Amino acid sequence: MQAATDMGTQRDLNDIGAIAREHYDTVYRFCARRVGIDAAADTAQETFLTAQRALAKFRGASSLSTWLLGIANNECRRMARKRRCEPPTIELTEMGSAEHHEETIINRQALQQALAKLSGEHREVVLLHEVEGLSYEEAALVLGVPVGTVKSRLHHAFANLRKSLTEYQEVAR
Amino acid sequence: MNMREDLKAFIDNEVSEQERTRILKEIENSPELQAEVIELRQMSRVIKEEAWQPQPVGLERTLGALASGGNRTPWWMGKSFQWAFGAGCIVIFAAILFPVFGQSKDAAKVWNRSSGADESIALEATGGYSAAPSDMKSSAPSEGLFNGSPQLDEKSKGTAGEWRDSVAMKSPAASAPARNQRGMTSTMPNIPPGELPSADAYFKSAQPRFEIKTANLAVEVIDVPKAQQEAETVAKAVGGRVESSQKSDDEGQLASAELTFRVPVASFETAVNRLRKLGRVLNDSLSGQDVTGQVADTSARLKVMKAEEDQYVELLKATKKIGEVLSVKERLSQVRQEIESLEASNKVLKSQAAESTINLSLTEKPSENKPRQDPEWSEDAWSRAVSSLSSVGRGLGRAGVYLFVFSPIWIPVALLVWWLARRNRR
């Protein structure tokens, strides 16, 4: 998605400050969804500090944002271990309009509950692909797993979501 | 290939063109798949559109960290750890040093208390400050004690200390008790504190001191007869004499000699030092016995006895009756015997004090059959290194014990400081 623009010129790669300004929001939100608001700023800072030291090793095999999110993923794991943070959650905000609500057959409350029931691995791929907007390949690079694994996990994640929604509807009846 | 597994990838455009065509065909022929596609798309859209989007903060701080180089310091160089370590060290040093200062303060208090007590005792015991040394000698028996009576005053018997006290109590120069600068009473007249001499200085000036010094030396020499001659030469050179000499030179045994010298007390140390140089000193002991009190006591009693003798002589002249004459003569004889005894005792003490005794024991150095080998430098270095290592180990062990014992004190302080530092950093 952002691969073309994120490759950056050689001049941009030398300016970690410019990179931070461009990608800070994405990294911050990534961290906030995994370690919480309290630790998000620290984790984001650590991500860019690590990126600053490893910038010379960046070969451009992936986009810059993907590379940064890969670093952020590791930093989030480290921070989660240190501060014993809870596993990432997918929260849905009630921002949709009434019209938008009528167009969907999805019950948001049921979907929120279903998302909470997902396992950590499934929740991670859903966050990466659905929320952060990474492609299968980019998600695979961030998680360090094959693309097929991401595909499989997403399939199972949504299958579980559908199953949970079906059960919710049956109970509601 | 499972159609349903590829359905999500199809929706996300993550399949190849060929697979896409195949899947579309399947979906068109299956209402069930169509419903599933719709459901999956809606779930995906809801999640995408309504997922929580936190508001980013902390960009400036991150830029600042990046601008400063962002060098991560080792944990032991971090400010949090340094503060915590410093606080722990301060607590440990305070805990160690404070008892030492406390002991010093206590020692100072005890010293001040004892100095004040000594001074008060000195002031009361030497109430004869008012009497000069010469005055004490002349006024002793006739003025204060006897009042003309031939009978001995009970207080004149006993030790010299009691004699001094009795003189002080009955001396006409003694005034009413006065308070000195410390508020302590004394039997001395009102002399300004700065002019008061110490008790020890007073006694030193009042009468000479008599000390019987004895030295016992055991020296190993190569040639005993030669060393004996040298020892005798040393004794004579310092003005002394050989009091006794005994040699032993049995066959098959080491030669030895036992010598006793009497040297003037002023040359005592010089003689001992020279005798030490005759060979290897095996044993060396010096002792001194202060007999000043005994001499003073004997002298005092002697004066009293002589005064009594004079009294009896006068009485004998005045007595006419034979019975009284015999009685006085008998008493006079007893007194004279006591005087002679006291004079002899005094003479012995003074003689012993005037001439110190050196007991010298000379023994022949045994011959060595095999030459003494100096330890090799490597053995010496090894033993020194092992000794140093054990010292270092003991030191580290001691430090570890201190750290462990004081851990209930410094660990909480260090943790608190570390926590505060991390909190401030956030």
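In this predicted model, helix α9 of chain B buries B:Val224, B:Ala227, B:Gln228, B:Ala231, B:Val234 and B:Ala235. These residues lie on the same side of α9(B), because they cover an arc of only 120° around the axis. An α-helix has 3.6 residues a turn, so residues three or four places apart point the same way.

**Helix α9 of chain B**
- The other side of α9(B) carries the exposed residues B:Gln229, B:Thr233, B:Lys236 and B:Ala237.
- Cover for the buried residues of α9(B) comes from elements of chain B including β3 (211–221), β4 (241–248), β5 (256–264), α10 (268–276) and β7 (355–364).
- After α9(B) comes B:Gly239, with a positive phi near 90°.

**Interface of chain A and chain B**
- Chain A contributes 48 residues to the contact and chain B contributes 37 residues.
- About 4,200 Å² is buried between the two chains, with carbon and sulfur atoms giving 58% of that area.
- Six salt bridges are found across the interface; one of them joins B:Arg61 to A:Asp42, whose closest N and O atoms are 2.4 Å apart.
- There are 17 residue pairs in polar contact between the chains, both residues being at pLDDT 80 or more.
- On the side of chain A that touches chain B, the elements giving two or more residues include α3 (16–35), α4 (37–54), α5 and α10 (147–172).

**Helix α5 of chain A**
- Helix α5 (residues 64–83) has 20 residues and reaches 28 Å between its first and last C-alpha, close to the 28 Å expected.
- Just after α5(A), A:Arg84 adopts a positive phi of about 55°.

Definitions and conventions: Residues numbered from 1 in each chain as written. Chains lettered and ligands numbered in written order. Predicted model: local features only at pLDDT ≥ 70, side-chain atom pairs only at ≥ 80, totals over all residues. Heavy atoms only, no water. Helix = DSSP H or I, 4+ residues; strand = E, 2+ residues; numbered from the N terminus. Expected span 1.5 Å × (residues − 1). Buried < 20%, exposed > 50% of the residue type's maximum accessible area, 1.4 Å probe, protein only. Arc of directions from axis to C-beta. Contact = heavy atoms within 4.5 Å. Buried area = accessible area lost by both parts, 1.4 Å probe. Salt bridge = Lys/Arg side-chain N within 4 Å of Asp/Glu carboxyl O. Polar contact = N/O pair within 3.5 Å; in protein donor to acceptor, adjacent residues only side chain to side chain.
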